[in-house]
Protein chains: 4
Amino acid sequence: MISVGIVGGTGYTGVELLRILLRHPNAEVKVLTSRTENGRRVDDMFPSLRGHTELKYSDLDINALKACDVVFFATPHGVAMKHAEELVAANTKVIDLAADFRLQNLAQFEKWYGLDHACPELLKDSVYGLSELNRDKIKQANVIGNPGCYPTTVQLGLAPVLKAEGLVKPESIIIDAKSGVSGAGRKASLGMIYSENADNFKAYGVAGHRHHPEIVEALENISGQKDVFNEILFVPHLVPMIRGMLSTIYIDLTDAGAEADLQSLYEAFYANEQFVDVMPAGSSPETRTVRGANQLRIALYKPQPKKLVILAVQDNLVKGAAGQAVQNMNLMFNFAEDAGLQGIGLLP
Amino acid sequence: MISVGIVGGTGYTGVELLRILLRHPNAEVKVLTSRTENGRRVDDMFPSLRGHTELKYSDLDINALKACDVVFFATPHGVAMKHAEELVAANTKVIDLAADFRLQNLAQFEKWYGLDHACPELLKDSVYGLSELNRDKIKQANVIGNPGCYPTTVQLGLAPVLKAEGLVKPESIIIDAKSGVSGAGRKASLGMIYSENADNFKAYGVAGHRHHPEIVEALENISGQKDVFNEILFVPHLVPMIRGMLSTIYIDLTDAGAEADLQSLYEAFYANEQFVDVMPAGSSPETRTVRGANQLRIALYKPQPKKLVILAVQDNLVKGAAGQAVQNMNLMFNFAEDAGLQGIGLLP
Amino acid sequence: MISVGIVGGTGYTGVELLRILLRHPNAEVKVLTSRTENGRRVDDMFPSLRGHTELKYSDLDINALKACDVVFFATPHGVAMKHAEELVAANTKVIDLAADFRLQNLAQFEKWYGLDHACPELLKDSVYGLSELNRDKIKQANVIGNPGCYPTTVQLGLAPVLKAEGLVKPESIIIDAKSGVSGAGRKASLGMIYSENADNFKAYGVAGHRHHPEIVEALENISGQKDVFNEILFVPHLVPMIRGMLSTIYIDLTDAGAEADLQSLYEAFYANEQFVDVMPAGSSPETRTVRGANQLRIALYKPQPKKLVILAVQDNLVKGAAGQAVQNMNLMFNFAEDAGLQGIGLLP
Amino acid sequence: MISVGIVGGTGYTGVELLRILLRHPNAEVKVLTSRTENGRRVDDMFPSLRGHTELKYSDLDINALKACDVVFFATPHGVAMKHAEELVAANTKVIDLAADFRLQNLAQFEKWYGLDHACPELLKDSVYGLSELNRDKIKQANVIGNPGCYPTTVQLGLAPVLKAEGLVKPESIIIDAKSGVSGAGRKASLGMIYSENADNFKAYGVAGHRHHPEIVEALENISGQKDVFNEILFVPHLVPMIRGMLSTIYIDLTDAGAEADLQSLYEAFYANEQFVDVMPAGSSPETRTVRGANQLRIALYKPQPKKLVILAVQDNLVKGAAGQAVQNMNLMFNFAEDAGLQGIGLLP
């Protein structure tokens, strides 16, 4: 049983971490911090946790965190990087659910997040926590940059066809992504209120979104190709639902790609992955099939001989955030990879 | 063509007033104020209005408002009462959609709204704008207190049976009310965000709600009975929908009430009211049938011989707010009562 | 490890039983029947189950069911009673999620369900499966009538105050209940389609609902009082949400009730119940706090000295159906009562 | 005042036609047919119409329809073509909201709709009713094929850039479209029920959708180019909302296109169109801004120098169906083009 700290336990990734970790067989949450709720019981704020914990929020106390085996940062960008070095020095592992350790390109980080990086050396040693693609590195890591929700769908959706050489034209990628509203977090914002979002649909961030540079860097790493992804399009949309994310990815096939059996390629690539499900040809993955589950489902279509359409769904708060973070923790501590993550999606 | 001012044009009652008034045959909106958006075009904030107006927000300028024939206050409680006397002195009529002129009982006003009333004398001369029940007074009024949304359903739901003497036991009234989220207004509030309200249901204000004293005072006026409504129950609930309100009202019948033909009583009472619809026996009024329409629908049930259940639905932003305000304006200026209010509910 | 059969595995209670039982430590689903889907894999119909089972639907084969330790009927009313005797004779326990074993009053059963009862003798031996109230009998039962969703909230909401003598006026009870749409089941029905229910609210069944006689019989059993509940009011409403149910219960207090500390009474009554949560005074239980969890939460209000308002929420598919059914199974087989039922509600 | 018949008045396009036409200054609905509801008042089925009409459904009587000036077919595919010739012979104009007169290519019609065309000669004389693009022909037409909802967004979204020569690579078009659920119509279908669609998102029809051939034929007509659109991608998705449609259209620009001022091009193209709104650069059109309004809004983005992203929103039941049908009627009878269509979108 390891001891866990969570910094920033009042947001949706925080409560989702608690939902998972309070039932985890190998981990116990010992510390839960909040800038504003010091002393308040967490089940007073989130009554869904009543009966499952007596934890109280505390102010951030670095010594309390150093006494943990691992600390999750479910905080705004820029918090984890301030404390990571001290924690690692104390032999405490760090998993950041924000962006501090996602981008190796510091110029991009500073451009999109408006922050100077506080520990660029540690960043170099950190590992990008896309569990299925970086499993070996994650097992050895002290610091994990947990992927963004959109980038997770894009990477798992494209990895098989990018790792196979010569099947696709990488510069042609268009990602038309759709997310539930919980992705925007739990904060008082006029744009997020119910009456502004229900029974409505819109695109946002068309001119530029922080996940674009993360996607570019990640696809470069997956494919081993530089400079071919800079001009890919990424257009996110907001769906009137709480949880769920679907990315529709369009990519031009080469002649070789047009002839390849891509369905078999994908099934083989993910044959041993319990959290990535390649659905049968003709399937239409629905977000509700992964509601609350650490699962990503993929379906492939070739509506034209040289056009591939990839559909990838996940629960943005689980495989897109807290679930993948726990999956990474499991890898780092040599637990069963699905410990605490065996729940079945809530349908309907 | 009268000239209209709207104070507070960035909230939902404000934009709803504009939706109605911009197509009104006898009124033109000349002034639209906002504390924060001075100089901004209103159709930039509410693109639904694009093509229908070139109005811009301005700071509140009392002289500009005095040049209007009527001014609507779509503001927080406490604003209209600061300006009403000066406007009335300038022969400008005032319709307040907040609570400043709803309660004649100043002690209750101060208790529930935390405000000293700025013009108690004018309050005495003001008229409570429940159009169907106070039509004659409204026609003569200079200042209207536009009813709260919940109280509108309760008054119109109960008026026929309260005005007929001896049919009901007034102290037995229980109002179990349900409202869409837009009733809480357009403001950045954590409790109002999409992910906190969608796919969820709850009661609120069980221990006490501002509309309770308004209901009590109104029912006293309707029935001519004092002190019998103080202990009625009013429990509001929040429905995951944008617009719409349903009040389920329970009341014990006297022996006379048990024998009366209440369906006929209601049909006769509202026979000449175009905005109040008594549905046939056995009907179940749905909020969507009044979406966007200045309409209230009622159905009656007697599931037990001495128990009456009244169902009343409306669009909280229309008959429950902006629509009734315009209906009152029409009465005050001798326009056709349905001028600008003929739109049919948007179903589905 | 017991073997389990599920008759009727294509509805929402069916898939919910699977969601729970496929992760249950002491039970294995061996048989899953459907009238229409024989041979189809269940995870083809419900992709949320992909990776968790390879079960296929089969036609109803009584011998296959008799080989199970327990059979759940997640079928329309009238199916379980046809097979229960044969199963019990084969030492297979029966848990019916429909109404066949809910009402001891056969006249009421026939009136409301239009069916002659197929096994009235077995009905007498069956046990009404409100787990917390009938625990000892359930442990000994061969046949369980799993309670209706609405009646579960009403019984758990009222039990403490009814079992204490002389606190309330039982004939005054009014139940204003609100349910998500999944309670209507998974069937092609015009009234159930999205565009008829979203952004809408209505009452239904005001003139009479099948759960009324069930509530009456149950409250008689709880209180030991006959003939005082026949005229209680029960008015259900439909909320535009998938899961969730809230009952607002109004009841008049006696003088003794007005003086009693009801909050303490409730807390004491449920002190050892892990699935019933009496919230602190002033709380407002939200349906989302129990989404997917086998949990019922209660809050009490006394808005007037002699009026009690009880708020009770549950997930209609879990504590209101499949979860309580598994809880009963756990009792019948002496498993830990929370085996398979430890999941935390999915919030947001 | 013209007399109007509506064939098929029980679906969503039927009730939407009524919502518009019952308030139309120049038209009166005289005949309303239904295969199943003969003799029933329409406001009994759709209580939103109570107080606005006393119309009853009748069986389809061709003579009654021939006495009308215009007949709308709000029916399944294949009905209008059976009656159109006889109506036209009687000097009655026909507006079909189904697909019978959308496709000039009979092979495509038969392939996608499974029907032999009943009146191919009349089809040749019919006019495709995209009001803004075919206005002059519509004015002279006897038979209108009212466009599909998706194709309306695509044509109005692409027309300016396709009609200008040499700006885009037409074969590169990708249409990622999203629609509210009402587009699937009002029918009892398991896939359409609330609990299957709420809080969910999915693609559908990825392998092929009936609107693809309509889009191809329409874009050929707009651009004057044949055979360059056959391989465009069209992927529709289902949004958990009632009304609203957003198409995100991706297209590669030529060098000339990359240098052109496309914002100005669009603004000029639609400068005189009251129902097409080119929003300022940087805008994000939201479906709710057109809820209930006969309006389509467009925004343009160039996230990369040679990539154009076009966002187009409409209410699928209004500009995408009934509203455009009335707009076409207005053109055919020389009414003001916006007669009956001046309503402002219902926001929130």
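This is a predicted model: local features need pLDDT of at least 70, side-chain atom pairs count only at pLDDT 80 or more; totals for chains, interfaces and linings use all residues.
**Entry 1. Helices α8 and α10, chain A**

I noted the angle itself as roughly 25 degrees, with the axes of α8 (residues 149-163) and α10 (residues 211-223) coming within 10 Å. The crossing of α8(A) past α10(A) is right-handed.

I then listed the residues in contact. From α8(A) they are Cys149(A), Tyr150(A), Pro151(A), Val154(A), Gln155(A), Leu158(A), Ala159(A), Leu162(A) and Lys163(A). From α10(A) they are His211(A), Glu214(A), Ile215(A), Ala218(A), Leu219(A), Ile222(A) and Ser223(A). Sorted by class, this contact holds eleven nonpolar, three polar and two charged residues.

**Entry 2. Helices α8 and α12, chain A**

I turned to the contact of α8(A) with α12(A). Here the axes come within 10 Å and cross at roughly 110 degrees. An angle between 65 and 115 degrees counts as roughly perpendicular, and α8(A) and α12(A) are therefore described in that way. On the α8(A) side I recorded Gly157(A), Leu158(A), Ala159(A), Pro160(A), Val161(A) and Lys163(A). They meet Leu262(A), Leu265(A), Tyr266(A) and Phe269(A) of α12(A). The classes are eight nonpolar, one polar and one charged.

**Entry 3. The seven-stranded sheet, chain A**

I traced an open sheet of seven strands with mixed pairing, in the order β8-β9-β7-β10-β13-β12-β11 of chain A. Which strands stand at its edges? They are β8 (202-203) and β11 (276-278) of chain A; each has a single partner strand, so one side of each lacks a neighbour in the sheet. Helix α12 (residues 262-269) of chain A packs on this sheet and touches β10, β11, β12 and β13 of chain A. I noted about 165 degrees between the direction of α12(A) and that of β12(A).

Within the sheet I followed one pair. Strands β10 (residues 245-253) and β13 (residues 307-314) of chain A run antiparallel and are joined by eight bridges. Leu246(A) has Val313(A) of β13(A) opposite to it.

**Entry 4. The seven-stranded sheet, chain B**

In chain B I found an open sheet of seven strands, ordered β8-β9-β7-β10-β13-β12-β11, again with mixed pairing. Its edge strands are β8 (202-203) and β11 (276-278) of chain B, each pairing on one side only. Val276(B) stands opposite Leu296(B) in β12(B).

Strand β1(C) pairs in the parallel sense with β2 (residues 27-33) of chain C over six bridges. The bridge partner of Ile6(C) in β2(C) is Leu32(C).

I also examined α1 (residues 12-21) against α13 (residues 318-332) of chain C; they pack at an angle of about 45 degrees with their axes 10 Å apart. The two are therefore oblique to each other, and the crossing is right-handed. The contact has nine nonpolar, two polar and two charged residues.

**Entry 5. Backbone and single residues**

Most residues other than glycine have a negative phi, and most peptide bonds are trans. I looked for exceptions. Asn91(A) has a positive phi, near 70 degrees, and sits in the loop between α4 (80-89) and β4 (93-96) of chain A. Asp199(B) also has a positive phi, near 50 degrees, in the loop between α9 (194-197) and β8 of chain B. Asn91(A) counts as exposed, at 66% relative accessibility, whereas Asp199(B) counts as buried, at 9%.

The peptide bond from Leu347(B) to Pro348(B) is cis, and a cis bond joins Leu347(C) and Pro348(C). Pro348(B) belongs to the segment after α13 of chain B, and Pro348(C) to the segment after α13 of chain C.

Last, I checked Gln108(B), in helix α5 (residues 106-113) of chain B. Gln108(B) is partly exposed, at 26% relative accessible area. Beyond its neighbours within four places in sequence, Gln108(B) contacts Leu103(B) and Pro213(B).

How values were computed. Residues are numbered from 1 along each chain as its sequence is written. Chains are lettered from A and ligands numbered from 1 in the order in which they are written. Side-chain values use heavy atoms; hydrogens and water are left out. Axes are lines fitted to C-alpha atoms, for helices over the stretch in contact, and angles run from 0 to 180 degrees between N-to-C directions. Helices (H or I, at least four residues) and strands (E, at least two) are DSSP runs, numbered from the N terminus. Angles under 35 degrees count as roughly parallel, over 145 as roughly antiparallel, 65 to 115 as roughly perpendicular and the rest as oblique. A crossing is left-handed if the near helix is turned anticlockwise from the far one by less than a right angle, and right-handed if clockwise. Ala, Val, Leu, Ile, Met, Phe, Trp, Tyr, Cys and Pro count as nonpolar, Asp, Glu, Lys and Arg as charged, and the others, Gly among them, as polar. Two strands pair if DSSP finds at least two bridges between them. Contact means heavy atoms within 4.5 Å. Buried means under 20% relative accessible area, exposed over 50%, partly exposed in between (1.4 Å probe, protein chains only).
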